[in-house]
Amino acid sequence: NKKRYETYNFTTDQQVLILSVERDDSYGDLDLYVSFRRSNGTYTEPKNIGPQLNTYADEGTPFIAPDGITMYFSTSGLAGYGSNDIYVTKRLDDTWVNWSKPLNLGSAINSINWDTYLSLSAKGDTAFLVSTSNSFGNEDIFTIEMPPIAQPDPVVIIKGNVFDKETNKPIGAK
């Protein structure tokens, strides 16, 4: 990273890392990159996600929803409401460099000020974000209801133990 700031986000299974960094192949300032976990636990060299999401300005604070398809990020490089707006995009294939056109989350979420760091509840209907608009200081954390159009695909989380039927001993399983 050639810049003072950076942000990162892992997929739920920690197999993919999305980075917001500035490198030699950046389109402008901070860009979004992807890195994949290798079998030895290390990650591949970051690959620029490309011009569908990256602009001449800063792209940052990526958040991959539990569905592994929906990503939220902030940028000042697309037409919006303020200095940084939050957008949603969907991954179109397994390369992680093909994404749908970013959708601005609108004036219910974005303000004329700095809006960023969106993350979601497990259900995906409630979001948490940082904004300088209506804050008690420099910036605050806000909770909002996510509009249905911006919600990720639903996921089911199953947690439990697996036992051998005959011995009743635990079995390792994923």
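Of the 174 residues in the protein, 42% are buried, where buried denotes under 20% relative accessible area, exposed over 50%, and partly exposed the range in between, with a 1.4 Å probe and protein chains only. The structure is a predicted model, in which local features need pLDDT of at least 70 and side-chain atom pairs count only at pLDDT 80 or more, whereas totals for chains, interfaces and linings use all residues. Residues are numbered from 1 along each chain as its sequence is written, and side-chain values use heavy atoms, with hydrogens and water left out.

The protein contains 13 strands and zero helices; helices (H or I, at least four residues) and strands (E, at least two) are DSSP runs, numbered from the N terminus. The C-alpha trace spans about 65 × 35 × 30 Å along its principal axes. The accessible surface amounts to about 10,400 Å², with 52% belonging to carbon and sulfur atoms; areas come from the Shrake-Rupley method with a 1.4 Å probe, and for residues only the protein chains shown count as cover. Among contacts (heavy atoms within 4.5 Å) between residues at least 6 apart in sequence, 37% join residues at least 24 apart.

An open sheet of four strands is arranged in the order E5-E6-E7-E8 with antiparallel pairing, two strands being paired if DSSP finds at least two bridges between them. Its edge strands are E5 (59-64) and E8 (103-104), each of which pairs on one side only. Strand E5 is joined to strand E6 (residues 70-75) by four bridges in the antiparallel sense, and Glu 59 stands opposite Thr 75 of E6. Six bridges connect E6 and E7, again antiparallel; here Tyr 72 has Val 88 in E7 as its bridge partner. Strand E7 (residues 85-90) is mostly covered, with five of its six residues buried. Between E7 and E8, which run antiparallel, there are two bridges, and Tyr 87 is located opposite Asn 104 in E8.

Aromatic pairs were assigned to rings of Phe, Tyr and Trp (its six-membered ring) with centres within 6.5 Å, planes under 30 degrees apart counting as stacked, over 60 as edge-to-face and the rest as tilted. The count by this rule is five aromatic pairs. One of them is tilted, because the rings of Phe 10 and Tyr 43 have centres 5.8 Å apart and planes at 55°. Phe 10 lies in strand E1 (residues 7-10) and Tyr 43 in the loop between strand E3 (31-36) and strand E4 (47-48), so the pair ties together parts 33 residues apart in sequence. Phe 10 is partly exposed, at 38% relative accessibility, as is Tyr 43, with a relative accessible area of 23%. Trp 96 and Trp 99 form an edge-to-face pair, with 6.0 Å from centre to centre and 70° between the planes. Both Trp 96 and Trp 99 are buried.

Strand E1 also holds Tyr 8, which is partly exposed at 44% relative accessibility. Apart from neighbours within four places in sequence, Tyr 8 is in contact with Leu 17, Ile 18, Leu 19, Val 21 and Pro 62. The C-alpha atoms of Tyr 8 and Leu 32, which are 24 residues apart along the chain, are separated by 9.3 Å.

As to charge, the protein carries 15 positive and 22 negative side chains, and the centres of the two sets lie 8 Å apart. Lys and Arg count as positive and Asp and Glu as negative, while His and the chain ends are not counted; the place of a charge is taken as NZ of Lys, CZ of Arg, CG of Asp or CD of Glu.
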